[in-house]
Amino acid sequence: MHKVLFIIAILLSSLLYSQSQQVDTIQNSDTLRKNIIKFRIISTIELINNVNRQIIGLEYEHKLNNITSLVLDFDIGYFDKYVYYKYYNFFTLVDELPYIKKTVTTKGFHIAPNYKYYFYNFNHISLSGFSIGSAIDYYFYKKNYDYFDSRTNITTKTNYNSQQFSLGAVLGLQFLIKNRITIDVSSSLFLKLFSFTSNNGDEIYSKNSFWVSDNGNLWAVYRVKLGYAFGK
Amino acid sequence: MKNKIHNILFIIFLFVLISCNKENKYEIDNLNHNTIMILGHRGMGELYKYPGNTAEAILPVIGIGADGTEIDIQMTKDSVLVLYHSDLLDTRTTCTGKISEKYWYEIKDCKYNLTWALVPLCTVDSLFELIDNINDYYFSFDIKLDGEMADNEEYKKTFLRAILAIDDKYNMSENIIIEGEKDFLLLGRSLGLTNKECVVRAGPIEKSIEYAVEYNFFCVGAETSVPKSVVKDAHNKGIRFMVWNAKNNIGNLEAIDKNVDIIQTDAPIHILQQLNRYDYEYQIP
């Protein structure tokens with residue numbers, strides 16, 4: 001835990017220091033765009049292929065000056081959406097195999113504003129290059145869990161909400177292609193500040209992440225986003 | 001104006017992607033109440049990070065929702081059933097020689113040759129001890145007889161008695177499928193084994209079906225490349241069909257299309273997801 005706080009502190013301090021040193025080094029250019037709207041390519045692939053997760057990931061980035069920007073990242077959809085069957089007694093002579101059926105949906109959203117600093121710009125083009133940033137993530141999940149056992153003919157239904165605030169650091173790389181199209185690759189590490197779960201439900205750990213620590217206090221996200229730049 | 005059109009096209013594109021969400025539906029027509037029994041191949045399959053035939057590879061496949069797994073079985077000199085595929089221990093472990101020439105105490109500390117983990121050999125007994133509700137799962141025993149003793153009747157009887165002992169200890173005769181040649185299966189039957197018998201290696205698959213009909217075997221086994229018409233023929237004769245060598249998603253879909261009854265797959269995650277039988281709650285270690 002302390003290590004993570006230390007890393008975040010280092011990132012933030014280096015961000016602020018670098019900004020003070022380099023804020024005037026990049027000149028305005030005709031190619032600059034003030035805004036970028038992006039969607040997450042990875043979540044889009046999941047939307048098509050993954051029966052479990054159906055998320056739309058959108059992001060809006062607004063340039064503050066040549067090397068800094070404000071970003072609002074938003075994921076919404078079904079973070080779990082599946083039906084699971086487990087069959088029993090395959091070789092028994094019965095009309096229908098006994099089974100259990102779980103129907104699980106976890107819908108909700110993540111909203112993650114972050115402040116981004118470009119410490120290296122490609123060809124002096126703003127919003128293009130390597131960046132670091134700090135972010136806050138708030139997520140809200142609503143989970144519905146239905147469990148049916150055909151052997152007892154009993155259905156158990158469970159519903160609850162889970163929310164969490166986290167603080168994180170972001171490392172990113174963004175390319176601008178032909179003035180308008182951007183590709184943004186980023187990775188973030190978040191640390192849970194606090195969480196809340198209703199109806200005595202189990203806390204739901206972050207579900208838009210590629211890694212979550214065993215206790216759910218730390219989680220990491222990678223994003224590949226395709227963007228459209230606009231505005232002068 | 002041009003910018004607005006761009007923006008509108010972008011939003012339409014997003015909605016088109018959303019509407020592309022697909023659901024997979026398969027109409028299965030087989031002798032298992034139209035449900036395919038999904039078995040992992042030696043656990044999670046050949047591409048899994050841990051070697052097959054180990055608890056490290058088998059527990060996850062059960063956790064994600066498979067009905068069980070195929071395992072390769074060899075026997076030590078003191079009749080302990082050990083999960084191992086190759087003829088020699090040298091091939092994959094820190095030990096040497098054949099399992100059939102060793103006592104269990106001599107090889108129980110053998111580890112697979114991995115630089116990043118210590119994965120021990122596993123016995124059927126120790127595996128079954130580890131699995132909760134063992135009677136909810138199915139195991140297909142691919143019997144690996146020692147080639148030099150394969151003609152030794154007493155050796156085969158000892159092997160079969162060891163299986164019988166496991167059957168009795170865990171009440172698993174309904175849940176263990178024994179894969180073997182006709183004569184081996186018949187020998188087991190004569191010793192009182194009541195396991196599901198699956199005849200394999202009989203030459204052409206038609207010959208296996210012929211034996212299955214003649215001797216009332218439960219199923220026949222073949223690779224996923226078997227023609228669909230052969231599977232249908234077996235079903236028409238009341239014989240279940242087990243396939244192996246489903247090494248990837250394509251192999252899985254091929255097996256589903258052929259309406260097999262039991263599949264041994266190296267890509268269990270894919271087929272379980274396809275058939276709404278993947279338990280997303282389980283975290284693969």
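Predicted model: local features only at pLDDT ≥ 70, side-chain atom pairs only at ≥ 80, totals over all residues.
## Charges in chain B

## The build of chain B

Chain B has 10 helices and 10 strands. Its C-alpha trace spans about 90 × 50 × 30 Å along the principal axes. Of its 285 residues, 54% count as buried.

What about the outside? Chain B exposes about 13,100 Å², and carbon and sulfur atoms supply 51% of that area.

## Salt bridges in chain A

Side chains of opposite charge can pair when their charged atoms come close. Take D184(A) and K38(A), whose side chains form a salt bridge at 2.7 Å, N to O. D184(A) is in strand β7 and K38(A) is in strand β1, so this pair ties together parts 146 residues apart in sequence. Both D184(A) and K38(A) are buried.

D184(A) also forms a salt bridge with K116(A), with the closest N and O atoms 3.4 Å apart. K116(A) lies in strand β4, so here the linked parts are 68 residues apart in sequence. These residues belong to a network of salt bridges that includes K38(A), K116(A) and D184(A), with E59(A) and K225(A) among the other members.

## A nonpolar patch

On the surface, F119(A), Y120(A), F130(A) and L171(A) form a nonpolar patch with about 390 Å² of accessible area together. F130(A) sits in strand β5 of chain A and is partly exposed, with a relative accessible area of 33%.

Conventions. Residues numbered from 1 in each chain as written. Chains lettered and ligands numbered in written order. Heavy atoms only, no water. Patch = residues over 30% accessible without salt bridge, like charges linked within 9 Å, V, L, I, M, F, W, Y side chains within 5 Å. Areas by Shrake-Rupley, 256 points an atom, 1.4 Å probe, with all protein chains shown as cover. Salt bridge = Lys/Arg side-chain N within 4 Å of Asp/Glu carboxyl O. Helix = DSSP H or I, 4+ residues; strand = E, 2+ residues; numbered from the N terminus. Buried < 20%, exposed > 50% of the residue type's maximum accessible area, 1.4 Å probe, protein only.
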